[in-house]
Each structure stands twice: as C-alpha cells, then as structure tokens.
Amino acid sequence: MQGQLAKARDIGQLQHTARSLQLLSDERQREVEEANEKLGQLRGDLKRAQKDQREARRQAEGYAGPSPAELADHVSDHEARQLQVNVELLLAKDRVIALEGELAEAREGRAGQAGAVLRALEGATSHRGVGLMATTRLHPHARSQWEARLAPWRESVCVASDALEDATRAVSDLPGTLLICGPESEPEAADLGADGLPEGILGADRLAVPFLHALADAAEVKNPPHAWLSGLGVRVIGGFQKPIAGQEDICTHLEEQLDQARSQCTALETAASLHHRRIAELRRDIKRAEAQELVQQLVPKIRDLEGTLAQQNAALPGLRASAKEASETAYEAQTAFRTAKERAHKLEGELRKLKDDRAQATRRKDKLEELRRGPSVDRARMIWTGSAEEALEELNWNCLPEDEPGAEPADGISSYAVVPRDTEHPPEVRTCADLRSESRSRLAAALTRLAADTATTGVATVDIAEALRHHEAHTDDPHDTIFRASLTALKTWLDEYEERDAGAREQVEMKRREREDEQTYLQDLVEESRQALAETQESIKERVHGALERISNQLNLLHSKEGYAADLVYNISAPESAEGQWICHVVPRWQRNPGGSLLSYDAPTNTAQEKLFSIHLVLAALLAAPDARGRVLILDELGDSLGAEHRREVIAALRDAAREHGITVLATCQDGLMADVGPMCGQVLQFRYYSKSDPLNRPTAMYGFDANQRRVKLTLDDLVTSRS
C-alpha cells in the first residue's frame with residue numbers, strides 16, 4: 001500500500017504540464033478576446049468616422065470658397081473695423097448727450113458760469129438778473145464788430161443797481177463772478193429793441209444797455225474781428241466759429257450741431273450693424289470650410305479603418321481555431337492530472353483508515369488489560385496513566401521528597417523539601433486543592449470550546465455528550481466522579497483520533513508544499529515575463545534612439561550647409577508600471593551664429609532663421625526614414641511671413657534637397673509670391689477662383705518647362721498623364 005501511494009503521489013510532471021497548457025490556453029483565449037475587442041473598436045471607430053463625415057458634409061453644404069485661415073483674416077479685418085466704428089459711435093453718442101444738455105441750458109439762458117450765478121440769485125434774492133450773452137442779440141453782419149468786445153464778459157450777469165449788494169452776498173461762494181450794474185429795478189422791464197442800443201445790437205435787456213454803450217465807447221474795432229481796449233491796453237482776439245451771444249442764435253447753432261451728431265450716430269450704427277452681419281456670415285463660412293476640410297481629412301482615415309477591419313476579420317478565424325485547440329489540449333491535461341490526484345487521495349484515505357482501525361484495536365486491547373488490573377490499582381494510578389518517573393519529570397522533581405517530621409499526612413509535602421530536576425524552571429509545589437481547581441478550570445474551558453464546535457458538527461460520543469450535559473447544567477460533583485468521567489471521555493476520544501489528526505497534519509503539509517510549488521512556478525513565470533518585458537522595452541528604446549539619431553544627423557547635415565550646426569537632444573523613458581506611458585522628450589537645437597553655442601528651438605531668434613530651421617527639421621525627419629527617395633513632402637503657404645531674400649533662401653534649400661535626395665515637394669503659395677517661387681519649381685498648377693457665388697472654379701492651368709527651359713503652358717495630356 002505504501003508503494004502504491006508513493007507512486008500515485010508522483011504527479012508533479014502531470015501538474016506542471018496541465019498548468020503550462022492551461023496558461024497557453026488562457027493566452028490564446030486572451031488573444032481571441034483582444035482581437036474581438038479590437039474588431040469592435042475598429043467597427044465603432046469606422047461608424048463614428050462615417051458619421052462625422054456625413055455630419056461634416058451636411059454642415060459644409062457643398063462649400064468651395066476660401067480656406068478657413070483666409071476667412072479668419074477677413075473676420076479679423078471686419079472685427080477691427082467694427083471696433084473702430086463702435087469707438088466712434090460711443091464718442092458720437094457722448095457728443096449728442098453733451099449737446100442736448102448744452103442746448104437745454106442755452107434755451108433757459110443759464111449756460112456755463114452765468115447759469116450757476118443766476119441759480120444762486122434765484123434762491124437768495126427777489127431781484128431779477130439776466131445773463132449778458134443770453135440777452136444780447138447781434139445783427140449777423142455785426143458779429144465781427146461785437147463778439148471780440150463781448151468775449152471777456154461772456155460769463156457776466158446783469159443786475160439792477162439797487163440789487164447789487166444783495167446779489168453780491170448771494171454769490172459770495174462763487175469767486176470770480178462778474179456782476180454788471182444796470183439801472184434800478186422796474187416792475188415790468190422788458191428787452192429793448194434796436195432803438196436806443198449801440199449799432200449792431202438787435203436787442204438786449206434794459207439791465208445790459210448802459211454796459212453795452214460803455215463797452216462800445218471803450219472797445220475799438222479797427223481791425224475786425226479783433227477788439228482793442230485802449231484804456232487797459234488789452235487786445236481781444238475774435239473770429240469765433242459759432243455764435244457766443246444771443247440766446248436764439250446760440251440755440252439755433254446748437255440745434256444744427258445736435259442734428260449733425262444724431263445723423264452721425266445713425267450712420268455709425270448702420271455701419272456697425274453691417275460689420276456685425278458680415279462677421280456672422282464669415283463665421284458661418286468658416287464652419288462650412290472647416291467641415292469641408294474635415295470631410296477631406298476623413299477620407300483616408302475611413303479607407304485605413306476599412307482596410308484594418310478587413311485584415312482583422314481575416315485573422316480572427318485562425319485565432320479562434322488556435323484557441324479552441326489549446327483549450328482542448330489543456331482540458332485533456334487537466335483531466336489526466338485530476339484522475340491521478342483523485343487516485344492518490346483514494347489511496348491516502350484507505351491507508352488512513354487502516355491506521356485508524358489498527359490504533360483503535362490497540363486501544364481496546366490496552367483498555368481491557370487495564371480493566372483486568374483495575375481492582376488492585378490505587379486512586380492515583382487510575383488518574384495518572386504514566387509511570388512514576390514520568391510523573392516526577394512532569395512535576396520537575398528530582399526525587400520523591402520525605403514528609404516533614406511530625407507532619408500530618410493531610411498536610412502533604414513541604415515545598416522546602418522538593419529538589420527541582422531542572423534548576424532553570426520552578427518545581428510544581430501546588431497543593432492537591434490548587435491542582436484540582438486548575439484541572440477543573442482547564443476541563444471546563446475545553447468543554448466550552450467543544451460545546452461551541454458540536455453546535456455545528458454534532459457530538460462525537462455518548463460519554464462526551466454526558467460530560468457536556470453536566471458541564472452546561474453545572475451539576476455538583478463533591479466526589480470528583482463527574483470530573484473523572486468527563487476527563488476519561490475526552491481523553492479516550494482524543495486518543496482514538498490521534499493518528500487521524502496526525503494524518504490531517506500531513507495532508508496540510510502536503511497541500512502547503514503543493515501551494516509552494518505552484519507559487520514558485522508562477523514566480524518563475526512572472527520573472528520570465530519581466531525579463532522579456534525589459535528586453536522588449538530596451539529594443540524599443542534602441543529603435544527610437546536610432547531613429548532620432550538619424551534625424552539629428554540629417555538635420556545637422558542640412559543646416560550645416562548654411563554655416564550653422566544643429567542637433568536633437570532627447571531622452572527616452574520606458575513606463576515603470578502597467579499604467580505608465582512612454583515619454584520621449586526631444587529638444588531641437590541650432591546655432592544662431594557661426595561658432596556660437598547650440599541653443600534650444602524656443603530661444604529668441606528672427607522669423608527667417610526659425611522658418612528655415614523648421615523646413616530643415618521636416619526634411620531631416622523625411623530623409624532619415626528608410627528609402628527616402630520617391631517620398632512626397634507637402635507644405636502649406638510656402639514662403640509666408642518671410643521677406644524676399646529669406647524666402648528665396650528657404651525655397652532654394654527645398655529645391656536643393658529635392659534634387660539631391662530624389663523627393664517631391666508639393667507646396668501651396670499665394671499669387672503674390674509666384675515671382676519668387678515659380679522659377680524654382682518644376683511644374684506649377686494654378687487654381688483660379690471666380691467668386692463665392694460660382695459653384696466651380698475656373699479650369700486648372702498647368703505650367704512646365706520646354707526643351708529650352710522656357711516656362712510654357714502644358715496641354716490636357718500633360719495634365720492627366722501620370723508621371724513616374
């Protein structure tokens with residue numbers, strides 16, 4: 001039986017084979033799942049791309065106008081104009097508000113400083129006051145004679161002579177006020193007509209008449225429109241553009257100015273509205289143009305997705321067949337392993353049963369022998385089943401000590417008479433009562449734990465059931481009868497299953513060894529995968545390093561022709577975890593002057609150098625690729641934002657690189673740059689634009705060189721014939 005069991009347990013190779021095949025099956029199944037997932041992702045990407053293309057076509061509405069960049073320039077131009085118009089409109093509105101306020105004050109005859117004086121007089125005195133300029137009306141032909149005379153007094157207020165003191169007190173808070181003293185107050189005084197007034201004055205309040213006569217005598221106008229006050233030696237400069245005297249004249253002039261300002265506001269509002277509508281139209285066209293560009297961009301993407309989807313569909317049946325074959329092989333290996341394992345378990349069970357039967361027979365034999373010797377054995381022998389020597393060793397006694405002289409038998413042995421066998425540990429010197437109490441406590445604890453287990457597993461024997469019943473009922477036991485019976489039942493049950501428990505420990509150890517073997521195998525597999533991953537990452541880094549080094553060398557080769565060295569400084573970092581990402585940090589550098597240090601691309605430089613370096617960087621990436629000859633480089637807005645000299649340098653560099661390395665450069669440019677670009681191009685395609693209202697452009701014109709290197713217009717055959 002032992003030989004059969006050892007042979008049955010030798011299933012390590014079967015287990016290893018089953019695990020390996022199961023891992024292979026899982027890997028094949030994972031490949032199928034990844035392929036299905038990728039297939040679903042490709043289908044989703046294709047549907048989204050087709051949906052985006054349909055939506056873009058709907059938004060484009062057949063657009064065939066300028067590019068979004070050109071439209072954006074138009075928008076910027078109109079926005080700048082709109083901003084200027086809005087600024088002018090705000091200024092015009094402010095002027096309207098100011099003119100309206102000035103007109104309102106002029107109609108009341110209370111404009112400027114004179115208006116503040118008149119308001120102060122109204123609240124402080126009952127006497128009447130009038131503004132000099134508001135009450136004085138001039139004949140149109142006399143403006144040049146009188147406006148310079150009146151100008152120094154334009155903020156003056158006329159009051160009656162008997163109200164002068166009251167008026168002075170009323171305006172004491174307005175320093176600089178000019179009060180003109182007129183005749184005494186009369187109840188119903190009115191403005192005077194031309195009779196009795198100085199020449200050129202059409203009308204004035206009676207309070208201002210004396211001052212006007214005095215002013216006419218004091219101020220001479222020998223050189224119109226300037227006035228001369230000989231008594232003061234003062235010359236007043238005339239030539240006012242708008243009336244400064246006469247309320248009606250001032251109001252009429254302000255009304256004309258207000259009408260002009262309102263007309264200007266209306267015109268500016270109309271212009272702002274036109275700019276706003278035009279900007280809205282241009283922005284709609286930008287959206288249409290962007291949608292049209294998106295339609296063109298999605299065409300190759302959809303084509304690539306359809307090709308990749310077809311390849312994935314073609315590869316999926318093979319992956320499924322491989323996964324099915326691996327699964328069947330793994331199932332057969334697992335079946336063989338389980339069969340061998342079940343046979344080993346069956347043999348172990350049979351062997352364990354034989355051992356249990358043998359142990360039970362031995363115990364029964366010993367029990368019968370003990371029963372035969374029972375009547376002659378004392379009480380201690382019935383409780384302690386070991387030998388006397390074992391009892392001394394258990395008590396840590398060297399020998400059985402003698403009783404103290406004169407001591408009663410009930411007093412027991414003195415602790416001083418005990419000699420320990422092991423001096424490192426104290427001997428057992430507790431009394432019989434202490435030991436009995438300790439043994440009862442330990443038995444009670446054991447029965448308590450056993451009662452908790454039997455609640456789910458059931459009671460092992462009838463004797464143990466009886467012991468548990470007395471334990472739970474706390475039955476009195478003055479003669480230790482129940483104690484001894486319970487202890488005997490528990491020991492008998494434990495002895496009966498001692499060998500089985502030893503076998504269970506062996507099974508646990510065997511399971512533990514199996515788990516350790518499995519863990520070791522998985523750790524080895526993980527280590528192999530980790531090493532393979534490190535090798536793969538190193539290979540990727542080497543490939544990226546090689547590609548960037550080739551680009552750096554090509555960049556230096558191209559840029560050194562201009563007398564400036566260049567290179568790429570790069571750092572490649574592999575992901576440190578499954579969630580990490582590859583990081584490739586690349587910094588292009590070039591010399592700003594011969595012999596200078598290499599500076600980063602974002603260091604300040606002029607636009608021409610930056611443009612030329614950008615062209616060289618793109619060319620370097622193209623030329624560093626395998627089989628660069630025959631490739632196509634597409635550039636948009638060639639020579640844009642460059643001066644004439646730098647533009648020629650950039651285009652010449654492109655031409656030389658194309659000729660030297662056998663590449664084709666397809667570039668677009670504005671009509672204004674054709675004078676510089678055209679002579680360096682082998683062929684020119686001219687797209688001619690009608691207008692936005694026309695659905696189609698003019699026919700495309702194509703130009704090349706004849707045998708004499710003269711630029712000629714090519715025919716239709718040249719346009720449609722492919723070139724190798």
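Is Glu61 buried or exposed? Glu61 is exposed, with a relative accessible area of 56%. (Buried is under 20% relative accessible area, exposed over 50%, and partly exposed in between, with a 1.4 Å probe and protein chains only.) The views below come from a predicted model, in which local features need pLDDT of at least 70, side-chain atom pairs count only at pLDDT 80 or more, and totals for chains, interfaces and linings use all residues. Residues are numbered from 1 along each chain as its sequence is written, and side-chain values use heavy atoms, with hydrogens and water left out.

View 1. Glu61 lies in the loop between α2 and α3. Helices (H or I, at least four residues) and strands (E, at least two) are DSSP runs, numbered from the N terminus. The phi of Glu61 is near 55 degrees, a positive value in a residue other than glycine. Most residues other than glycine have a negative phi. His474 also has a positive phi, of about 55 degrees, and is not a glycine. His474 sits in the loop between α13 and α14. With a relative accessible area of 65%, His474 is exposed.

**View 2. Glu70 in helix α3.** Helix α3 covers residues 68-108 and contains Glu70. Glu70 has 30% relative accessibility, so it counts as partly exposed. Ile286 is 216 residues away from Glu70 along the chain, yet their C-alpha atoms are separated by 9.1 Å.

**View 3. Helices α13 and α14.** Helix α13 (residues 462-473) packs against helix α14 (residues 481-496) at an angle of about 140 degrees. Their axes are 9 Å apart. Axes are lines fitted to C-alpha atoms, for helices over the stretch in contact, and angles run from 0 to 180 degrees between N-to-C directions. The two helices are therefore oblique to each other. (Angles under 35 degrees count as roughly parallel, over 145 as roughly antiparallel, 65 to 115 as roughly perpendicular and the rest as oblique.) The crossing of α13 past α14 is left-handed. (Left-handed means that the near helix is turned anticlockwise from the far one by less than a right angle; right-handed means clockwise.) From α13, the contact involves Asp463, Ile464, Ala467 and His470; from α14, Ile482, Ser486, Ala489 and Trp493. Contact means heavy atoms within 4.5 Å.

**View 4. Helices α2 and α15.** Helix α2 spans residues 12-60, and its axis comes within 12 Å of that of α15. The axes cross at roughly 40 degrees. These helices are therefore oblique to each other. Here α2 passes α15 in a right-handed crossing. His16, Arg19, Ser20 and Leu23 of α2 meet Glu514, Asp517, Glu518, Tyr521 and Leu525 of α15.

**View 5. Helices α6 and α8.** The axes of α6 (residues 143-150) and α8 (residues 209-218) come within 11 Å. They cross at roughly 105 degrees, which makes α6 roughly perpendicular to α8. Trp146, Arg149 and Leu150 of α6 meet Leu212, Leu215 and Ala216 of α8.

**View 6. The largest nonpolar core.** This core has 31 residues, and Leu619 and Leu654 touch the most other members. (A nonpolar core is a set of buried Ala, Val, Leu, Ile, Met, Phe, Trp, Tyr and Cys residues joined through side-chain atoms within 4.5 Å.) Two or more residues each come from α15 (498-560), β10 (566-573), α16 (607-623), β13 (632-635) and α17 (644-661). The most come from α16, which gives seven. Leu619 touches Leu558, Leu633, Leu654, Ala657 and Ile663, not counting residues up to four places away in sequence. Another core, of 29 residues, lies apart from this one, and its members include Ala148, Cys158, Leu215 and Val221.

**View 7. An open sheet of three strands.** The strand order is β15-β16-β17, with antiparallel pairing. (Two strands pair if DSSP finds at least two bridges between them.) The edge strands β15 (684-686) and β17 (711-713) each have a single partner strand, so one side of each is left without a neighbour in the sheet. On average, neighbouring strands are turned by 25 degrees against each other, direction ignored. Three bridges join β15 to β16 (residues 701-705) in the antiparallel sense. Gln686 has Ala701 in β16 as its bridge partner. Three bridges also pair β16 with β17, again antiparallel. Gly704 stands opposite Val712 in β17.
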